[in-house]
Amino acid sequence: MSPSQTSTAPTTALAVDYRQPNTDDGARLWEIASDSQVLDVNSSYSYVLWCHDFPTTSIVAEIDGTPVGFVTGYRRPSDPSTLMVWQVAVDDTYRGHRIAATMLHHLFDRAQRSGVVAMHTTISPDNVASQRLFASVAQARGLRFDRRDLFDAGAFPDAHEPEHLYMLEPDIPEI
Ligand SMILES: CC(C)(COP(=O)(O)OP(=O)(O)OC[C@H]1O[C@@H](n2cnc3c(N)ncnc32)[C@H](O)[C@@H]1OP(=O)(O)O)[C@@H](O)C(=O)NCCC(=O)NCCS
């Protein structure tokens, strides 16, 4: 590896617990999203409500009893076989330890047990870390990784990057 390349390989083994969120986690999720300085930060209420209403399609990574990462998701009402990932974030201190990838794998494993076959998310063109994260998960699971336009910048009332839809799907549709 050249000195200019970055590495996200873990330097130490972390004891991380993965679990469904509950409403008590909402405030911490909002804090992690705010601290990321990358994510759209929604109201604190939206994170509390999300934890209350969508715990089975969301996940928290916890170290020493404190959430350090989360994924929020939902099953598409028009296609419940697809898990739509809304936000993923890991506290800056703990990045590069495969926490995000592990959360997505746990979530996908859990969702597959109730009929989910595909995972979708939207990513802005400048978020290379997120693109690599989902590409890595797709590759590890032997899924196709496709992209298409979803929302262009004009869809948003404020200054906002376009959001492309990324799809992790099986090659052969399951019957
Ligand atoms: C994106 C983010 C969630 C990754 O978390 P993480 O726990 O450090 O990621 P992981 O260690 O699980 O890495 C998984 C894969 O993504 C790649 N990756 C992670 N961060 C990367 C970066 N900054 N640049 C390039 N690749 C990166 C890793 O190399 C790894 O790929 P590999 O399996 O091919 O080696 C984290 O950087 C973050 O919270 N960013 C701010 C919020 C955000 O952008 N969220 C995504 C949009 S919703």
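In which hand, left or right, does helix H1 cross helix H2? The legends below describe close-up views of a predicted model, and the opening view takes up this question.

**View A. Helices H1 and H2 meet in a right-handed crossing.** Helix H1, which covers residues 26-36, and helix H2, which covers residues 44-53, have axes that come within 8 Å and cross at roughly 130 degrees. Because of that angle, H1 counts as oblique to H2.

**View B. Residues of H1 and H2 are in contact with one another.** On the H1 side the contact is formed by Gly26, Ala27, Leu29, Trp30 and Ala33, while H2 contributes Ser44, Tyr47, Val48 and Cys51.

**View C. The largest nonpolar core of the model has 28 residues.** Val88, Leu104 and Phe134 are the residues with the most contacts inside this core. At least two core residues come from each of several elements, including strand E3 (66-76), strand E4 (79-90), helix H3 (99-112) and helix H4 (128-141). Helix H3 gives the most to the core, with 8 residues. In soluble globular proteins, nonpolar side chains tend to be buried together.

**View D. Leu104 and the residues that it touches.** If residues up to four places away in sequence are not counted, Leu104 touches Val71, Val85, Val88, Met119, Leu133, Phe134 and Val137.

Conventions: Residues numbered from 1 in each chain as written. Predicted model: local features only at pLDDT ≥ 70, side-chain atom pairs only at ≥ 80, totals over all residues. Heavy atoms only, no water. Core = buried A, V, L, I, M, F, W, Y, C linked by side-chain atoms within 4.5 Å. Buried < 20%, exposed > 50% of the residue type's maximum accessible area, 1.4 Å probe, protein only. Helix = DSSP H or I, 4+ residues; strand = E, 2+ residues; numbered from the N terminus. Contact = heavy atoms within 4.5 Å. Axes fitted to C-alpha atoms, helices over the stretch in contact; angles between N-to-C directions. Parallel < 35°, antiparallel > 145°, perpendicular 65-115°, else oblique. Left-handed = near helix turned anticlockwise from the far one by under 90°.
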